[in-house]
Amino acid sequence: MHCALYDADRCRSCQWLATPYPQQLQQKQTHLQALLADVTVGEWRSPVSSPQQAFRNKAKMVVSGSVERPVLGIVQRDGTPVDLTACPLYPVSFAPVFAALKPFIARAGLTPYNVARRRGELKFLLLSESALDGGLMLRFVLRSPAKLAQLRAALPWLQQQLPQLSVISANIQPVHMAILEGEEEIALTENQALAEQLNHVPLWIRPRSFFQTNPAVAAQLYDTARQWVSELNIHAMWDLFCGVGGFGLHCTTPEMHLTGIEISAEAIACAQRSAQQLGLEKVQFAALDSTRFATGEAAVPELVLVNPPRRGIGAELCDYLSRMAPEWLLYSSCNAVTMAQDIARLENYQTLRVQLFDMFPHTAHYEVLTLLQRRP
């Protein structure tokens with residue numbers, strides 16, 4: 001992939017861009033195998049590759065410059081703004097959206113936030129696109145609600161320019177720190193859920209619910225989990241840290257009992273909507289802390305699927321699972337370092353299968369799916 005911004009040393013987000021893609025994959029696989037060097041792995045599956053460009057369904061743009069000439073992208077350490085609207089990681093469909101947003105910022109009078117001066121209102125623009133129908137979710141991250149009335153008044157013009165805008169909201173982030181969003185979300189459209197679909201499984205994304213940034217690889221990850229679970233003859237499973245329900249909804253069947261747990265109420269609302277759309281009657285989703293939920297239960301199902309944040313599932317949950325000993329564990333990880341630490345804690349389990357999914361080309365990051373079975 002060629003990137004003029006990388007060549008000009010204006011953006012180094014893709015740290016590995018100069019490395020040929022096959023070599024990137026090999027380096028990640030080598031890293032993963034080194035982390036699990038003390039583990040006997042029954043089967044290493046070949047890494048799942050990604051498109052090398054135009055694979056991102058999300059843009060997280062710092063807004064800088066002036067209200068008349070906003071810059072959407074990043075700000076370098078010396079305060080220099082860098083326009084990333086032509087970033088080759090974004091699909092071509094994003095270009096007309098960025099082109100419309102720049103004059104809209106002036107129309108709405110949304111002064112870009114200046115970090116050094118601590119002045120201005122508009123901090124970030126967060127854009128997400130659905131792989132289902134090209135629908136868009138747009139979030140304005142503001143310092144305060146002061147410009148909300150102006151923003152609302154200007155929106156009809158933007159919606160006329162971009163009819164694919166399905167969900168629009170404003171997030172209030174008053175803290176003078178590099179924090180992407182705050183706790184308060186204000187709906188600017190009646191619809192607040194973006195319709196998505198992977199592998200014919202309907203999914204819904206609300207403004208504050210997490211969803212993968214690489215739908216092509218995410219679809220393969222979910223489908224792989226579904227295939228692995230289908231081989232196990234499972235009657236009941238937990239999906240811990242379930243997000244909007246992607247893993248559980250892929251892996252369950254109408255006959256299977258599924259319990260999905262996620263601390264985000266918004267994500268759980270999305271998962272419940274998908275389950276209802278699929279007509280699943282033996283499914284329960286609840287907005288709870290996954291570790292507290294699990295360790296408070298007196299029994300476990302045959303399969304526990306975990307998809308934790310980067311910190312992993314941790315010693316407390318590992319200890320509980322070791323004691324309760326479900327037959328199968330399916331571990332999806334966005335941080336192989338903490339996954340390896342957790343697997344080392346799960347001494348009563350053998351690692352049957354591991355597969356790397358390259359969700360983040362041109363960086364050192366990757367995702368892993370690992371199937372573990374209780375030792376006889």
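**Exercise 1. Find which residues Glu121 is in contact with, leaving aside its neighbours within four places in sequence.**

Step 1. Start with the list: Glu121 is in contact with Thr111, Pro112, Tyr113, Val141, Leu142, Arg143, Ser144, Ala146 and Lys147. Contact here means heavy atoms within 4.5 Å.

Step 2. Before going on, know what you're looking at: this is a predicted model, where local features need pLDDT of at least 70, side-chain atom pairs count only at pLDDT 80 or more, and totals for chains, interfaces and linings use all residues. Residues are numbered from 1 along each chain as its sequence is written, and side-chain values use heavy atoms, with hydrogens and water left out.

Step 3. Now place the residue. Glu121 sits in the loop between helix 3 (94–108) and strand 5 (122–129). Helices (H or I, at least four residues) and strands (E, at least two) are DSSP runs, numbered from the N terminus.

Step 4. Glu121 has a relative accessible area of 6%, so it is buried. The cut-offs: buried is under 20% relative accessible area, exposed is over 50%, and partly exposed is in between (1.4 Å probe, protein chains only).

Step 5. Pick out one partner: the side chains of Glu121 and Ser144 are joined by a polar contact of 3.0 Å. That term means a pair of N or O atoms within 3.5 Å; within protein, one must be able to donate a hydrogen and the other to accept it, and residues adjacent in sequence count only if both atoms are side-chain atoms.

**Exercise 2. Work out where Gln355 lies and what its side chain reaches.**

Step 1. Look in strand 16 (residues 349–357), and you'll find Gln355 there.

Step 2. Its relative accessible area is 9%, so Gln355 is buried.

Step 3. A polar atom of the Gln355 side chain lies 2.9 Å from the backbone oxygen of Ser46. Skipping neighbours within four places in sequence, the contacts of Gln355 include Arg45, Trp228 and Glu367.

**Exercise 3. Take the UniProt "binding site" that lists Glu262, and describe this residue.**

Step 1. The unreviewed UniProt entry lists Gln212, Phe241, Glu262 and Asn307 under this name. UniProt positions are given in the numbering used here, feature names are shortened, and annotations may be inferred rather than shown by experiment.

Step 2. Glu262 belongs to strand 12 (residues 257–262). With 14% relative accessibility, Glu262 counts as buried.

Step 3. The side chain of Glu262 reaches the backbone nitrogen of Gly243 at 3.0 Å. Not counting residues up to four places away in sequence, Glu262 also touches Phe241, among others.

Step 4. Turn to Gln212, in the loop between strand 10 (201–205) and helix 5 (215–230). Gln212 is buried too, at a relative accessible area of 6%.
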